[in-house]
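Dear colleague,

Please find below the structure that I am handing over to you. My findings follow directly after it.

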Amino acid sequence: MERSAILRRFADLLRQNDRLIAGWITLDEGKPLAEALAEVRASADHVDWHAEECRRIYGRIIPSRSPGVQQLVVREPIGVCLAITPWNFPLSQAVRKVAAALASGCTMILKAPAEAPAGCMAIARYLLDAGLPEGCLNLVWGNAAFISETLIARPEVRKITFTGSVEVGKHLAELAGRHMKRATMELGGHAPVLVFDDADATAAARALAGNKLRNAGQVCIAPTRFYVQQGIYDRFLSELVSAFESVKVGDGLTEGTQMGPLCHRGRVNAMEKLVEDARENGARVLTGGKRLGNHGNFYAPTIVDTPNDDIDLMREEPFGPIAVVSSFRDIEDGLSRANGLPFGLASYVFTNSLERADKAAAGLQAGMVSINQFGLALPETPFGGVRDSGYGTEGGTETFEGYLITKFISRNRAPVL
């Protein structure tokens, strides 16, 4: 009950200071102020949900086979947790981990992103203001490799939770396994979209454009590989190009901006490399494909049309404002190509056929499937991937599994002679 009260006060403080925090996030990371505000408010919702659910972390009694014996299952906090969080959602990604750990009764060391520090600074500041005892949350900065290797090896640290790239996640999982530490890995995606020819091409294209360009495409669950059935391919492409070209790119603090800059110059260089490879290997750049202006890290919303999956854009998650589009024949072809990579975080389906929706949902090898909408990453729903996109779950009641240990107690209530 005490943890719940502290978390509720923390959520209230986030809402009361939402515009201040959102301004910090935009200055750090570049996203439009409206998106930063949405991130702050969603973070407060996550905190509220954990504050409520932590009051219902129960054990159970298992009926015994022997008279006089009582069998109990109790849930205990796993202990000190290490969280390493990314820059693309500097507040909400960290809040998910911090709220789950504290709600479970664990303390946490938070390695925050140097590229966008203000979000984690806000967490620490307002949790202290909410009454969190000193030492329950510890914010650290510095060399990520040194911090992770040092702390994972410490016997006091019993769990690691990481959101970031597949390459780094595999290394951290190896370190955790070496020391028998529990780990939650939320790693990269390259989310496929299946748009069937019975879908509304205009509505699907407009919806996907908005979701794809959120945070300039720097979202692990952003739709990135667009597979569109042949019957509506040309119409869908036309609508998608129109939607991309209508987006207003600019300073995230300027009213009306719909897409801001990329977080740093390295992301712009990565976009240029991917587009150059696409051009050299027979793909068409339908719009964008270039830097914008000569100041800041702005890159144009870009659409690449490719007849096959033989370009780097189809194999590497762009993590930027590039959508790569290709046609498919039937559901078997679409599923085969969607599952052709080792990633499996998010996936999307657009169809008006219940049969196709059910078959696609069952056939997609991903931790999350969203059909005719983008209903992912809510506080009450599980969030996590399969295969190279990681393991373990955040969100939903499953989130507590990573922070609790199960202890079985069997006791004979009669004296033993």
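In helix α9, the buried residues are Y233, F236, L237, L240, V241, A243 and F244; buried means under 20% relative accessible area, exposed over 50% and partly exposed in between, with a 1.4 Å probe and protein chains only. They lie on the same side of α9, because the arc they cover around the axis is only 165°, taken from the directions from the helix axis to the C-beta atoms. The exposed residues D234 and E245 sit on the face of α9 turned away from its buried side. Helices (H or I, at least four residues) and strands (E, at least two) are DSSP runs, numbered from the N terminus.

This is a predicted model, in which local features need pLDDT of at least 70 and side-chain atom pairs count only at pLDDT 80 or more, while totals for chains, interfaces and linings use all residues. Residues are numbered from 1 along each chain as its sequence is written, and side-chain values use heavy atoms, with hydrogens and water left out.

The cover over the buried residues of α9 includes β8 (191-195), α8 (201-212) and β9 (223-229), as well as β10 (284-287), β11 (302-305) and β12 (322-328); contact means heavy atoms within 4.5 Å.

The largest nonpolar core has 62 residues, and L194, V195, I221, F236 and L240 have the most contacts inside it. Such a core is a set of buried Ala, Val, Leu, Ile, Met, Phe, Trp, Tyr and Cys residues joined through side-chain atoms within 4.5 Å. With seven residues, α9 gives the most to this core. A second, separate core of 46 residues includes V40, A99, A101 and A103.

The chain is assigned domain 1 (1-188 + 385-410) and domain 2 (191-371), with bounds that come from an automatic or database domain assignment. The contact between them takes 22 residues from domain 1 and 27 residues from domain 2. About 1900 Å² is buried between domain 1 and domain 2, and carbon and sulfur atoms give 59% of that area; buried area is the accessible area (1.4 Å probe) that two parts lose on being put together, summed over both. P32, W87 and R387 supply 28% of the area that domain 1 buries against domain 2, more than any other three residues.

R387 also has a positive phi of about 55°, although it is not a glycine. R387 lies in the loop between β14 (368-371) and β15 (390-391) and is partly exposed, with a relative accessible area of 35%.

Yours sincerely
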